[in-house]
Amino acid sequence: MVRVRERLRAVFGEPRMRPHGHPLAELVLTVLSQSTNDRNRDVAYLRLRERLPSWEAVRDAPVAEVEEAIRPGGISKVKSQRIQAILRAISADPRDPAHELSLDWMADAALDESRDYLIRLPGVGRKTAACVLLFSYGLHEVPVDTHVSRVGTRLHLLRPGAGFAELHDQMLALTPPGQELELHVNMLRHGRRTCHARAPACDECALARMCPSRGLFAAAQARPRARSAQPRGSTAKAMTA
Ligand code: SF4
């Protein structure tokens, strides 16, 4: 993992993001990020905060109003219902003495307690919980999204076919404290920019020398070319027959 971090840092640099201390905002932002890009997520989030400035207002608004506010983020019908369900669940199980609709108590809570609370909220899984805890407080969590999972699996760091909980546990066990954010961000960037799902650019990859999957993709990419040569050969043979 040390070599992976060093090589990715040489390509992408070291992320400079600092924990922002706003877990509820991070939770809503993470719900909005599902199945869309960062720009549309941010537009949806800003529209929501402009139209409904408090979390109580978001919780209590007609769902159609929330849906309309977050429409630029896609699948707004599902996301609006999920956001309101989460806010109602937090209100029903308040932990912050000063404010029922708040996750600020997590700043002083044990990591396990915060994680367990989050993954019991409606529609919240390990990845979303990890985003909240890492980006809000810099805690020892590493969100394993589709890019991190793909890169980690191809490098044989993560077990192919593992479920989300196992992937997160494996990633946590591999990640030295203090390197969570950097590994998450740079593995995600690497997955987006180089280690693509269908056609990874292995020839340009900074991790190629340590990657056990490199040859597999070269072979897979060669096979269609070999197959596609057959019809041309057959056609040529038929033409000369
Ligand atoms: S060598 Fe290819 S498969 Fe391996 S990490 Fe790089 S791009 Fe991904």
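His156 sits in the loop between α9 and α10 (164-174), where helices (H or I, at least four residues) are DSSP runs numbered from the N terminus. His156 has a positive phi of about 65° although it is not a glycine, and His156 counts as exposed because 12 C-beta neighbours lie inside 10 Å. The model is a predicted one, in which local features need pLDDT of at least 70 and side-chain atom pairs count only at pLDDT 80 or more, while totals for chains, interfaces and linings use all residues. Residues are numbered from 1 along each chain as its sequence is written.

**Backbone and exposure**

- Most residues other than glycine have a negative phi.
- Ile75, which is not a glycine either, has a positive phi of about 30°, and its place is in the loop between α5 (63-69) and α6 (76-92).
- Ile75 is partly exposed because 15 other C-beta atoms lie within 10 Å; by definition a residue is buried if 20 or more other C-beta atoms lie within 10 Å of its own, exposed if 12 or fewer, and partly exposed in between, with C-beta atoms placed from the backbone.

**Overall form**

- The protein has twelve helices and zero strands, a strand being a DSSP run (E) of at least two residues.
- The radius of gyration of the protein is 22 Å, whereas a compact globule of 241 residues would have one near 18 Å; the radius is taken over C-alpha atoms, and the globule rule is 2.2 Å times the number of residues to the power 0.38.
- Taken along the principal axes, the C-alpha atoms fill a box of roughly 85 × 40 × 30 Å.
- Buried residues account for 32% of the 241 residues.
- Among contacts between residues at least 6 apart in sequence, 62% join residues at least 24 apart, where a contact requires C-beta atoms, placed from the backbone, to lie within 7 Å.

- Leaving aside neighbours within four places in sequence, Leu134 is in contact with Leu139, Glu141, Val142, Pro143, Glu180, Leu181 and His184.
- In helix α7 (residues 111-119) the buried residues are Ser114, Arg115 and Leu118, and they lie on the same side of α7 because they cover an arc of only 95° around the axis, the arc being that of the directions from the helix axis to the C-beta atoms.
- The face of α7 turned away from its buried side carries the exposed residues Asp112, Glu113 and Asp116, while the cover over the buried residues of α7 includes α8.

**Ligand shell**

- Of the 15 residues around the ligand, Cys195, Pro200, Cys202, Cys205 and Cys211 come nearest, a residue being near a molecule if its C-beta atom, placed from the backbone, lies within 6 Å of it.
- Helices α9 (146-154) and α12 (214-240) each supply at least two residues of this shell.
- One of the nearest residues, Cys205, is 194 residues from Val11 in sequence and 9.7 Å from Val11 in space, C-alpha to C-alpha.
- Val11 belongs to helix α1 (residues 2-12).

Key: Contact = placed C-beta atoms within 7 Å.
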